[in-house]
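Work through the exercises below with the structure open beside you. Try each task before you read its solution.

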Amino acid sequence: MRGKDLFVASMGLLVFFPPAIGAGTYSGTALCGNDGDCFPGVPASNVAQTVPPFAVTHPLGYDGSPDGIRLNICLAKGSEAFSSALARAIATWNALVPTTGNCSGTGCSVGEETPPAATQMDAESVLLHELGHCALGLEHPERTWDAADDGFWEETSFTRSWDVAGPPEGIAVGPDFIRGTLDDSQLQTLGMIPNSVSWFRIQDNNPFAIDDTVIDNTTFSRSITANLPSGRNWAASANRRTGEQNGAAASQAVMYGLISLGERRRSLTADDVNMAKMALTGVDFSVGGGDDYTVELVLSCDDPVSILVSQANLANPQSAGQCIAGVDYSFAQNPFLARHFTLVAPPKNGGILFLTLNQNLDWDYGADPVFVSGFESGDTSEWSQVVPTITQGP
Amino acid sequence: MKKHWLVGAMGLGALLLVLLAEFGVKATEDGRGGFSFPSDPALELVRLSFTGGTMQGRTEYSLFADGRLLVAKYETEAGEKTTVLARKESSVNHRRINEVLQHLVDCGFADLGDARRRQLEELRPAYFSSDAGTTWLDLRLPSYRGPTAISDRSVETSFSLRGGLEGWVSSHPAVPEFRCLQDLVPMLRKLEGES
């Protein structure tokens, strides 16, 4: 427990709110800059404009049409050791299966905790996270915060937002003392309500809930003032501690921004899946409106390559991987009302998004499957012959 | 006799070059800022810090006037360093320290005035990485003379960037400060590896 959290919480009314959480957000909608709070990202074609808070970022190549999008993901020469981990991460995003208990290994930590000592970084977990940025356009559900107001911004477990006042009044943990839950408070200067850039589930605000709820704008919202259940202050986010509060032990969104050495997050939470599906509803944010689309990630170096995965000496030694990307209008829209943005690559990268892994880390590549091409998953469509199992009689 | 003069002049010139390389330059004639090598050996001249990224804590590269290069990983709480998680100290010579300082001087960090700082802060990166964290540079020069200055002054400046050096350089390739900061990283890593 941080002293400041304890102090702020003790100043508030000590009312226990039932635990509730929820969130998901998109790349480019809020970037934390030098000037205090996080500020809006800018479209690559017009940096004088800003990306509105309620925007959605779509995959590379999305232009508003309902056509399926195929993204070829190429593994650069010299990085072949990541091949199996990358294949598994691709398969996981293609399947979009929500899980709980996805956080394991030597440590499943939130940013405010000290992770257990470990030496290896899990390749599949990092690739899954980076593909969430690079292929799906997802952003971290939590936000950075300069708690000491000294210019050093750190990842926290508070839910992502912008236009928040500086410390100490901007963000405070609620009576449950858990960052990222619905009793947190976030304020602008003069006590106004800042913008949440996180979607929450209107029904129960639980990002770990797995059921048959249709994911679109009738079931999810970003409006703190209109759609939060009464008595709640803020949309919460899918970190491990909020999972524990909601009966989803050892669960943490793949898109949660911090990954400890030794930590494994090799399957998606509901929050990860929900946010990917929200983008797939297309222009109208509604399922079945005729503009829904699909995305298929393919491990292939065939033209056109969309994402190139390689290793390099990243500037920040604390970064396990990075995807350098921008956003631009998916199609012509009024800049002030624009909601749909598409991932774009820097011009010097020839339209290819670079997913770069830190070559200085000791990587855990994970175990290779004994068989490939779908044999272990039961998909034998690529096999020329399938012989029925022979069993011995009694 | 002429030959002796020539040899003497060449020797003196060579000696001067060595001294400049070893103990700093204060040459403003070529349009570059200059500095004197600090007399306080404990002075921390350059600190390059990284926070955020996908891993917790803060990593710092600190270069001291006595040639110590300290690379340390810290645990942090509310922005404050609390525990040293890893620490490596090595030693580099004056020539290398001068190269680092001159690199930063040439990029304009010693002359980073309010107007230029405002210009840089108004820029927005069109491309960035969510997992790149913050890069923070601190530069201290007790005796610095700018390209057009007539007297020395001390320099103590800080500069930070969020969203990843790679993204800022991609977004604004013509801004020397961003490129310079990116180039500083391998420079310090090379020094760490050399010693």
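Buried means under 20% relative accessible area, exposed means over 50%, and partly exposed lies in between. Keep in mind that this is a predicted model.

**Exercise 1. Decide whether Glu154(A) is buried or exposed, and list what it touches.**

Step 1. Find the residue. Glu154(A) sits in strand 8 (residues 154–159) of chain A.
Step 2. Apply the cut-off. Glu154(A) has 8% relative accessibility, so it counts as buried.
Step 3. List the neighbours, leaving out residues up to four places away in sequence. In chain A, Glu154(A) touches Arg143(A), Thr144(A) and Trp145(A). In chain B, it touches Thr76(B), Ala78(B) and Gly79(B).
Step 4. Check one pair. Arg143(A) is 11 residues from Glu154(A) along the chain, and their C-alpha atoms are 8.5 Å apart.

**Exercise 2. Describe the interface of chain B and chain A.**

Step 1. Count residues. 40 residues of chain B are in contact with 58 residues of chain A.
Step 2. Take the area. About 4200 Å² is buried between the two chains, and carbon and sulfur atoms give 52% of this.
Step 3. Look at the pairs. The rule finds 23 residue pairs in polar contact (both at pLDDT 80 or more) across the interface. It finds zero salt bridges there.
Step 4. Name the elements. Several give two or more residues to the chain B side, among them strand 2 (44–51), strand 6 (134–145) and helix 5 of chain B.
Step 5. Sort by class. The chain B side has 12 nonpolar, 17 polar and 11 charged residues.

**Exercise 3. Compare the reach of helix 5 of chain B with the expected span, and name buried residues.**

Step 1. Helix 5 of chain B covers residues 176–194, which is 19 residues.
Step 2. From first C-alpha to last, helix 5 of chain B reaches 26 Å, close to the 27 Å expected at 1.5 Å a residue.
Step 3. Recall the rule. An α-helix has 3.6 residues a turn, so residues three or four places apart point the same way.
Step 4. Read off the buried residues. They include Cys180(B), Leu181(B), Leu184(B), Val185(B), Leu188(B) and Leu191(B).

**Exercise 4. Find which residue pairs with Asp111(B), and explain what the pair ties together.**

Step 1. The side chains of Asp111(B) and Arg153(B) form a salt bridge, 3.1 Å from N to O.
Step 2. Asp111(B) lies in the loop between helix 2 (94–106) and helix 3 (114–122) of chain B, and Arg153(B) lies in strand 7 of chain B, so the pair ties together parts 42 residues apart in sequence.
Step 3. Asp111(B) is partly exposed at 36% relative accessibility. Arg153(B) is partly exposed at 38%.
Step 4. Look for a network. Salt bridges that share partners join Glu44(B), Arg47(B), Arg58(B), Glu60(B) and Lys81(B).
Step 5. The structure holds 22 salt bridges over all chains.

Note on methods. Residues are numbered from 1 along each chain as its sequence is written. Chains are lettered from A and ligands numbered from 1 in the order in which they are written. This is a predicted model: local features need pLDDT of at least 70, side-chain atom pairs count only at pLDDT 80 or more; totals for chains, interfaces and linings use all residues. Side-chain values use heavy atoms; hydrogens and water are left out. Helices (H or I, at least four residues) and strands (E, at least two) are DSSP runs, numbered from the N terminus. The expected span of a helix is 1.5 Å times one less than its number of residues. Buried means under 20% relative accessible area, exposed over 50%, partly exposed in between (1.4 Å probe, protein chains only). Contact means heavy atoms within 4.5 Å. Buried area is the accessible area (1.4 Å probe) that two parts lose on being put together, summed over both. A salt bridge is a side-chain nitrogen of Lys or Arg within 4 Å of a carboxyl oxygen of Asp or Glu. A polar contact is a pair of N or O atoms within 3.5 Å; within protein, one must be able to donate a hydrogen and the other to accept it, and residues adjacent in sequence count only if both atoms are side-chain atoms. Ala, Val, Leu, Ile, Met, Phe, Trp, Tyr, Cys and Pro count as nonpolar, Asp, Glu, Lys and Arg as charged, and the others, Gly among them, as polar.
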